[in-house]
Amino acid sequence: MIIMESEGNEMARLTSIGFKDFQNLPLEDKRPYLENWNLPGTPYHTLIAQQFDRALLERLAALANRIRFINKSREGALYLKGLLAHKRAMLYFSQPSSRTFLSHLAACQILGLTTGSVRDAATSSEFKGESKEDSIRTFSSYFDMIIMRTPEKGLAEQMAWELSNSDRPIPIINAGSGKDQHPTQALLDVYTLLRSFETKGGLKNRTVTFCGDLLRGRTVRSLSYLLTNFENVRQVFVAPKELQVPEDVLDILKAKGVSYALSDNLREATSLSDAVYMTRIQDEWDKDKGESARIDTSKFKFGAEELKLLPKDGVIMHPLPRRDEIATCCDHDPRAMYWRQMRNGMWIRAALIAATFGYEREILGCGY
Ligand code: CP
């Protein structure tokens, strides 16, 4: 059984259960551990997309909108900067990143958190043989939150469990773990979709097409899951057969009764879609050198012809970085959402960090 203890305003603690048992718990049994013990329904650790339901997604989107509005004035920006000036965040990125690192950093700066970072495990004492558990305990001695990206599946969850059972539990935000999860990317993707369709009837009854490397793209798994929170959103997966979406994603859609289709025809899917979510070939995961290059991906690129087929209210998205999956000739089309999507990441991550530290109500109720 999970025994929760509370200490301070932001504490959630898990005791009396080993990590393997914890890992195998159904989500509903894990949920109290992932939430702020003093603010039920508010994230403490952010580890997997499954922990976000529609109510929480809409709350975070509203908070992000509020933060971006407040930040427009000098007075508002200074007010936001004062909120978490007493907190420090550690950005521990042992995998390359531009957007996720910088948008979390900028989000911390908006809220006044001071930050430290390790961007290469070879520059930390892991290089001298220190275990990941000890490294995380070290970070928690100096910081109040860890934002971490790792190539290992499930490591953020394991480290959150370690910290929650330590003398100094602090929240962990998973900024991308292996091929499995990228929950804050999915948050910014949903935030972008909500904003894109806000004045056009919302997300209900929409069709979202995913295209590219759907096998190894962690953003696809996380976003596919989050979309199941919205009524009648159909999902289409367009990919070469070698890179089609994995069964575990489809199993969730089946279990939730979500309509989906697999395809290899991007043009046809585009003409029927409200959003086309392009992804890059993730060849950093190749087992054999050149494995991805042997797959014919020529039909899985979005260019001028696809743009003509996209409905006039449709949007093109991409988690970025891109290679040639979206031709640059699409960049100035008003339906190209990927640059705005990237900036939305800063606002929704600021909202997530503020909520994690218990500042949602304060921000929503402030006079700015
Ligand atoms: N979308 C994304 O995760 O980008 P980075 O790898 O640049 O962080």
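Colleague: In this predicted model, how far apart along helix α2 are Arg-31 and Glu-28, counted in helical turns?
Modeller: Let's start with the salt bridge that Arg-31 forms with Glu-28, where the closest N and O atoms are 3.0 Å apart. Both residues sit in helix α2, which covers residues 27-34. Because they are three residues apart in that helix, the separation is about one helical turn.

Colleague: How many salt bridges cross the interface of domain 1 and domain 2?
Modeller: First, find the two parts: domain 1 is 13-182 + 345-364, and domain 2 is 183-281 + 297-343. Between them there are 18 residue pairs in polar contact. For salt bridges across this interface, the rule finds zero.

Colleague: What area is buried between domain 1 and domain 2?
Modeller: The C-alpha centres of the two domains lie 26 Å apart. Where the domains meet, 36 residues of domain 1 are in contact with 28 residues of domain 2. Carbon and sulfur atoms give 60% of the buried area, which comes to about 2,700 Å².

Colleague: Which residues of domain 1 lose the most area to domain 2?
Modeller: Three residues stand out here, and together they make up 26% of what the domain 1 side buries. They are Leu-57, Arg-99 and His-182.

Colleague: And which element gives the most residues to the side of domain 1 that touches domain 2?
Modeller: The elements giving two or more residues to that side include α5 (99-111), β5 (145-150) and α3 (54-70). By class, this side has 13 nonpolar, 14 polar and nine charged residues. The element that gives the most, with eight residues, is α3.

Colleague: Now the ligand: which residue has a backbone N or O atom 2.9 Å from an oxygen atom of the ligand?
Modeller: The residues around the ligand include Ser-97, Ser-98, Arg-99, Thr-100 and His-182. Ser-97 has a side-chain N or O atom 2.6 Å from a ligand oxygen, and Thr-100 also has a side-chain N or O atom 2.6 Å from a ligand oxygen. The residue that uses a backbone atom, at 2.9 Å, is Ser-98.

Technical notes
Residues numbered from 1 in each chain as written. Predicted model: local features only at pLDDT ≥ 70, side-chain atom pairs only at ≥ 80, totals over all residues. Heavy atoms only, no water. Domains from an automatic or database assignment. Contact = heavy atoms within 4.5 Å. Buried area = accessible area lost by both parts, 1.4 Å probe. Salt bridge = Lys/Arg side-chain N within 4 Å of Asp/Glu carboxyl O. Polar contact = N/O pair within 3.5 Å; in protein donor to acceptor, adjacent residues only side chain to side chain. Helix = DSSP H or I, 4+ residues; strand = E, 2+ residues; numbered from the N terminus. Nonpolar A, V, L, I, M, F, W, Y, C, P; charged D, E, K, R; others polar. Near = heavy atom within 4 Å.
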